[in-house]
Amino acid sequence: MEKYVFIIGATSDIGMAIAEKYAREGYDLLLGARKSERLLPAQSDLQIRFGIRCNLLELDLSQTTTLAAVWNSLENKPGITICVAGFMQDNDEVLRDTSATLQTIESNFTGPVTLLNAIALDYMKNGTGVIAGFSSVAGLRGRQSNFIYGSAKAGFIAYLSGLRNKLFHHQVHVLTVLPGFVYTKMTAHLSLPALLTATPAQVANAVFTGIRKKKNVVYVKWFWKWIMCIIRMIPEFMFKKKKL
Ligand SMILES: NC(=O)c1ccc[n+]([C@@H]2O[C@H](COP(=O)([O-])OP(=O)(O)OC[C@H]3O[C@@H](n4cnc5c(N)ncnc54)[C@H](OP(=O)(O)O)[C@@H]3O)[C@@H](O)[C@H]2O)c1
């Protein structure tokens, strides 16, 4: 497979860390973002530092009806796609604001699904390719503090699981990334427990290794898997009384 990676949501701290990791390993890049001109400095920096080709692609996941056409218009299509994009806002604000609710669903679910469908069809036809999608442990059980974001991420977890099952039979690998807490712009306003929180560079390494080893699901810090296992086992009649 050609060493060419597509990063959807490349303006994020995690997207940039993944871009740098792959550039360091000699991969060419296609960085997808809305207002992609913001990535011009990063584009030249990556090209100069790592001697790779780095292209930019204008991409807004809320424009669901045009996303497949954006992918299909590419002449040279990357064989690895990593969908990092997502959106999270305070749950109580989103609860009261229909446009924030729709934005949450579009950026975390309908946008990624619409775009990845087009990519999956191509990879399936070619019998090769890798798709990695960023969901969240918030999607593993709905909690009062972020159930709107969490439910969009839950939908994306189910989508990636089904896609993995479908594409396995076409030699296409699908990876689900559940990062746990990460120090980024998205979480800058939160005080996160250091032990449970990863850096974007750690996430990038975990994604790179997960793709290389053809993992199905990656938790960046291993203990998140066990934390969520316990949280999911709490009976609903007890869970609903908790303030989580
Ligand atoms: N940080 C955490 O603790 C954490 C934990 C679990 C899961 N995650 C997931 O990890 C991924 C990366 O998170 P992050 O912390 O790096 O977040 P971030 O810094 O807020 O980045 C989010 C990215 O998504 C892009 N995006 C959002 N809506 C979009 C749209 N409609 N069209 C195109 N791009 C859009 C943003 O682009 P703009 O620059 O244009 O806004 C940005 O590049 C997300 O999927 C997030 O849900 C993060």
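What is the order of the strands in the open sheet? The order of its seven strands is β3-β2-β1-β4-β5-β6-β9, with parallel pairing. The model is predicted: local features need pLDDT of at least 70, side-chain atom pairs count only at pLDDT 80 or more, and totals for chains, interfaces and linings use all residues. Residues are numbered from 1 along each chain as its sequence is written. Helices (H or I, at least four residues) and strands (E, at least two) are DSSP runs, numbered from the N terminus.

**Sheet**

- The edge strands, β3 (54–58) and β9 (217–219), each pair on one side only; two strands pair if DSSP finds at least two bridges between them.
- Neighbouring strands of this sheet are turned by 15° against each other on average, direction ignored.
- Strand β6 (residues 173–178) pairs with β9 in the parallel sense over three bridges, and valine 177 stands opposite valine 218 in β9.
- Helix α5 lies across β1 (4–8), β4 (80–83) and β5 (130–134), and runs at about 165° to β5. Axes are lines fitted to C-alpha atoms, for helices over the stretch in contact, and angles run from 0 to 180 degrees between N-to-C directions.

**Packing of α1 with α2**

- The axes of α1 (residues 13–24) and α2 (residues 40–50) come within 10 Å and cross at roughly 25°.
- These two helices, α1 and α2, are therefore roughly parallel to each other (angles under 35 degrees count as roughly parallel, over 145 as roughly antiparallel, 65 to 115 as roughly perpendicular and the rest as oblique).
- On the α1 side, Met16, Ala19, Glu20, Ala23 and Arg24 meet Ala42, Leu46 and Phe50 of α2; residues are in contact if their C-beta atoms, placed from the backbone, lie within 7 Å.
- The residues of this contact comprise six nonpolar, no polar and two charged (Ala, Val, Leu, Ile, Met, Phe, Trp, Tyr, Cys and Pro count as nonpolar, Asp, Glu, Lys and Arg as charged, and the others, Gly among them, as polar).

**Packing of α1 with α7**

- Helix α7 (residues 200–212) packs with α1 at an angle of about 55°, their axes 8 Å apart; α1 and α7 are therefore oblique to each other.
- Residues of α1 in this contact include Asp13, Ile14 and Lys21, and those of α7 include Pro200, Val203 and Phe208.
- The contact of α1 with α7 divides into nine nonpolar, one polar and two charged residues.

**Ligand shell**

- Of the 29 residues around the ligand, Ser12, Gly86, Ser107, Thr184 and Met186 come nearest (a residue is near if its C-beta atom, placed from the backbone, lies within 6 Å).
- Two or more residues of the shell come from each of α1, α5 (98–126) and β7 (181–182).
- The shell divides into 13 nonpolar, eleven polar and five charged residues.

Definitions and conventions. Two residues are in contact if their C-beta atoms, placed from the backbone, lie within 7 Å.
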